[in-house]
Amino acid sequence: MQRWDEKGAEQLGRCYKEYAQFMFGTMNEIEGALPKGTPRKNVNVIKDIITEVCKGYVTEIDWRDSKYIPPLKEHLQITLVTCFYWAINCTAFVVFQEGVTEEVMIWMSGFPQIVKDSCIVSRLMDDIVAHAFETERNNVATAVTCYMKEYDSTKEEAIKALWNDVENAWKDMNEEYLKLTSIPSSLLIQVINLARMMETMYKKIDGYTDSAILKEWISLLLVQPITL
């Protein structure tokens, strides 16, 4: 993935090969759909972020297989990247906004605070509602498990503390939106909207895994008429 070597992916095992082929195919589709004149280096920023995601996956595999439960800060240094929302935000900038400047892309490539805050909302809410499921299937430790071990707390205490972190991330996001006058608000609102969507998805259950529960909400938003 670091070499972005499509031919090299053929040598991987089935699971890894299919993931690599999916990522290469997705990026090729994105490049093909871009408006004419979009700088190639904008796409390269997305690829660089995806490379960081893949590095994080390797770390998570090592944690899972060695039964390592890291401190919460160490956990988030990796999982805020592997949740993929940094990459999604960057892709939205490149695909849906024309005339994104080099300065904006340099800013995005540095994992800016407002993007990091949106990832905190998504990552922690996901880990809270999916904690039992993820623990049962022997996945990498959730943020809940990390907090419980680090602070010798109960699950309920850990969840309460993590919800507080989510609230603080929203406050930080709002502050960043107001003070980042060098970045167009039309771009910043995309970051906030993604966090809004993730909050809706993970408010009560893991709506990403059990996505059927979202059908009613999507229908209310896009299908059913508004009654006056």
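Author: A pocket is an open set of points on a 1 Å grid over the protein atoms alone, with protein on both sides within 12 Å along at least five of seven lines for a 1.4 Å probe, and its lining residues have an atom within 4 Å of a point; its volume is the space filled by probe spheres set on the points. This is a predicted model, in which local features need pLDDT of at least 70 and side-chain atom pairs pLDDT 80 or more, while totals for linings use all residues. Residues are numbered from 1 along each chain, and side-chain values use heavy atoms, without hydrogens and water.

Reader: How much space lies in the largest pocket, and which residues are closest to its centre?

Author: The largest pocket holds about 1600 Å³ of space, and of its 44 lining residues, Tyr19, Tyr57, Glu60, Thr82 and Phe84 are the closest to its centre. Helix H2 (40–65), a DSSP run of H or I with at least four residues, gives the most to this lining, with eight residues.

Reader: What is the volume of the second largest pocket, and which element gives the most to its lining?

Author: The second largest pocket has a volume of about 430 Å³, and H4 gives the most to its lining, with seven residues. Of the 20 residues that line this pocket, those closest to its centre are Phe84, Ala87, Ile88, Asn89 and Thr91. Helices H1, H2, H4 and H10 each give two or more residues to this lining.

Reader: Where do Tyr147 and Tyr151 lie?

Author: Both lie in helix H8 (residues 143–151), four residues apart, which is about one turn of the helix.
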